[in-house]
Amino acid sequence: MSAAETDIVADMAVGNASQKGISVSRRIWRVAFASYEFRIGLVLFIVLVAAALLYPMLSGVDPTKMNVGARLRVPWLLGENWSWASPLGTDQIGRDMLVRSLVGLRYSLLIGFSTVVLMLAVGCTIGMLAGYYGGKIDLILMRITDAQLSIPMIILAITVLGVSRPTIPAIILVLGLSSWPVYARVTRSVIMTERKQEYVRAAQVSGASNLRIIALLLAPLILPPIIFISVLDVARMMIFESILGFLGLGVQPPTPTFGNIIADGRKYLLNAWWIATMPGLFLFLTLTSVNLMGASLERARNRIYGGA
């Protein structure tokens, strides 16, 4: 058999086998989408994202511009000094709370999703290499993973960001590089099980390279267990981003984030409760939507694997 024919056979073997993971992932999404919880979470999430992207731009309101004459206006219809121009009121220096909360949601989503992408890239790569090659490579990579697991993420983030300027890339790097071990362990367990299967041996015999087998055959198989973990981790990273912002280690003012808005508002809880409450409400709604989708995906996965 010529080299070209060997490549064709290898591609066919890898292509046919890789459909297994993709097919299961599609079934999980279909079963999850059939549930009301997933649909409610998805609709709520889309509405929040659309509002965060469009409203600050369409309103033309600068979230950092001070207007002392409009300070401490109450939300709509909740007092005498409310204004149609500020539906959720204004803060202690007259900045619009709706716009500031939605801009804070932008940054929270950006950091949350970017962090999870970084966690997936690092953790899944390490897990696939450790699971496929085994031996000393597995031993070294898993000891690195264990060492990383022994360091509390929030302690590492506070330490690193406390001695450096907490920019958005820095926050993403710190949170992502301290949270990948879970993905490495899940990926490794899947790959170690699947690498012994006949279709993997068939691909090897057909002449497929290790890189091709890992990237095209085994990588799709990690999607089912990773899907709901990554969705829920978006919510978890948004919480950690807000914690860092509250401690003064997140994105720095005057850029509005959930954490620094709530930190500013805690001084006015008695006479201007909406300053801290409104960003907290948006964070609650976003986390609820993400958790509804993540829980539906987890139940769909359990249902499919339980019925397999």
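Which residue forms a salt bridge with glutamate 198? In this predicted model, the partner is arginine 201, and the closest N and O atoms of the two sit 3.6 Å apart. Both residues belong to helix α8, which covers residues 198-205, and they are 3 residues apart, or about one turn of the helix. Glutamate 198 is exposed, since its relative accessible area is 56% and the cut-off for exposed is over 50%. Arginine 201 has a value of 43%, so it counts as partly exposed.

Arginine 299 and glutamate 37 are another case, with their side chains meeting at 2.3 Å, N to O. Here the arginine comes from helix α12 (residues 274-307) and the glutamate from helix α2 (residues 36-59), so the bridge ties together parts that are 262 residues apart in sequence. Arginine 299 is partly exposed, at 43% relative accessible area, and glutamate 37 is also partly exposed, at 35%. Salt bridges also turn up as a network, in which Asp91, Arg95 and Arg100 are linked.

Next come two helices that pack against each other. Two packed helices are described by the angle between their axes and the distance between the axes. For helix α4 (residues 135-149) and helix α7 (residues 181-194), the axes come within 9 Å and cross at roughly 145°. This crossing of α4 and α7 is left-handed. On the α4 side, the contact is made by Asp138, Met142, Thr145, Asp146, Gln148 and Leu149, while α7 brings in Pro181, Ala184, Arg185 and Arg188.

Two of those contact residues also pair up by charge: arginine 188 forms a salt bridge with aspartate 138, with 2.6 Å between the closest N and O atoms. The pair links distant parts of the chain, with arginine 188 in α7 and aspartate 138 in α4, 50 residues apart. Are these two residues buried, exposed or partly exposed? Arginine 188 is partly exposed, because its relative accessible area is 21% and buried means under 20%. Aspartate 138, at 11%, counts as buried.

Serine 150 counts as exposed, with 55% relative accessibility. Its C-alpha atom is separated by 41 Å from that of aspartate 91, a residue 59 positions away along the chain.

Helix α6 (residues 168-177) shows what being covered looks like. Its buried residues are Ala170, Ile171, Ile172, Val174, Leu175 and Gly176. The cover over them includes α3 (97-133), α5 (153-162) and α10 (223-246).

Isoleucine 243 lies in α10. Its relative accessible area is 33%, so isoleucine 243 counts as partly exposed.

Key
Residues numbered from 1 in each chain as written. Predicted model: local features only at pLDDT ≥ 70, side-chain atom pairs only at ≥ 80, totals over all residues. Heavy atoms only, no water. Buried < 20%, exposed > 50% of the residue type's maximum accessible area, 1.4 Å probe, protein only. Helix = DSSP H or I, 4+ residues; strand = E, 2+ residues; numbered from the N terminus. Contact = heavy atoms within 4.5 Å. Axes fitted to C-alpha atoms, helices over the stretch in contact; angles between N-to-C directions. Left-handed = near helix turned anticlockwise from the far one by under 90°. Salt bridge = Lys/Arg side-chain N within 4 Å of Asp/Glu carboxyl O.
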